[in-house]
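Hi there,

I am passing a structure on to you, and I hope you enjoy looking through it. Please open it first, then read my notes beside it.

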Amino acid sequence: MLRTGWRRGMIAVALLGLGSIVVTAGGAADRPAGWRPVATGVARADEHDLPAGPIRERHELMEEIGKQAKALNGALKSGDTAGVAPPAEAIARLAPRIVKLFPEGSTDPKSRAKPEIWQKFDQFEALAGQLETSSAALAVGAKAGADVQALAAKVMRTCKGCHENFRTPKKDEQ
Ligand code: HEC
């Protein structure tokens with residue numbers, strides 16, 4: 001009896017946890033394309049149990065960049081060229097923050113940053129620079145009503161290029 005009650009309690013806790021994840025995900029998806037990121041710098045303590053400091057901060061930065069990329073793709077798919085500009089601008093603003101959040105030796109078993117980052121830091125830095133310039137160019141193109149497909153593909157190739165070289169793969173991704 002006691003045991004069952006305890007188990008029920010655990011299940012309820014687990015479900016509550018799941019619920020909050022769903023709510024968080026939904027909230028992000030519902031944001032309008034023009035939504036601007038607000039970097040609060042306040043990290044949630046449960047943020048995948050990542051250590052406070054650059055490792056947790058870059059996780060949050062990448063999550064934010066990921067959200068903007070999603071908004072960007074959504075606008076692209078619906079043919080909303082003007083709607084591509086705000087998320088592209090947001091990525092261009094966020095990209096310069098990448099490099100500083102990878103100080104040498106900032107590794108952790110929960111981080112997917114590869115040691116190659118610090119062996120080929122010039123290459124890593126160049127890719128972060130490419131993310132900034134390609135997303136800025138995309139924003140300009142989107143505002144001018146240009147064909148943004150090729151410009152957007154260039155941005156996405158930068159994400160992929162960096163992840164392929166400098167991020168350890170996760171089974172449920174890519
Ligand atoms: C200069 C390299 C670089 C570029 C460019 C880059 N990323 Fe990343 N990204 C990383 C690294 C390294 C990690 C893993 C960091 C860690 O685990 O400590 C990462 C992690 C992520 C994560 C996972 C966050 C988490 O911890 O759950 C997402 C999402 C992400 N990136 C999205 C993007 C998108 C979208 C773009 C392009 C618009 C992009 N990134 C461009 C290097 C890069």
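Below is what was found, region by region.

Please keep in mind that this is a predicted model.

Let me begin with the ligand. It is surrounded by 24 residues, and the closest are M62, G66, S111, C159 and C162. The largest share, 8 residues, comes from α2. By class, the shell around the ligand divides into 15 nonpolar, 5 polar and 4 charged residues.

Next, have a look at the pair α5 and α6. Helix α5 covers residues 121-143 and helix α6 covers residues 148-166; they pack at an angle of about 165°, and their axes are 9 Å apart. With angles over 145 degrees counting as roughly antiparallel, α5 is therefore roughly antiparallel to α6. The crossing of α5 past α6 is left-handed. On the α5 side, the residues in contact include F124, L127, L131 and L138, while those of α6 include V148, L151, V155 and C162. In total, the contact of α5 with α6 has 12 nonpolar, 6 polar and 1 charged residues.

Finally, a stop at P96. You will find P96 in the loop between α3 (81-94) and α4 (116-119). Is P96 buried or exposed? P96 is exposed, because it has 12 other C-beta atoms within 10 Å, and 12 or fewer count as exposed. P96 also lies 6.8 Å from E132, C-alpha to C-alpha, although 36 residues separate the two in sequence.

Best wishes

Methods
Residues numbered from 1 in each chain as written. Predicted model: local features only at pLDDT ≥ 70, side-chain atom pairs only at ≥ 80, totals over all residues. Helix = DSSP H or I, 4+ residues; strand = E, 2+ residues; numbered from the N terminus. Buried ≥ 20, exposed ≤ 12 C-beta atoms within 10 Å, placed from the backbone. Axes fitted to C-alpha atoms, helices over the stretch in contact; angles between N-to-C directions. Parallel < 35°, antiparallel > 145°, perpendicular 65-115°, else oblique. Left-handed = near helix turned anticlockwise from the far one by under 90°. Contact = placed C-beta atoms within 7 Å. Nonpolar A, V, L, I, M, F, W, Y, C, P; charged D, E, K, R; others polar. Near = placed C-beta within 6 Å.
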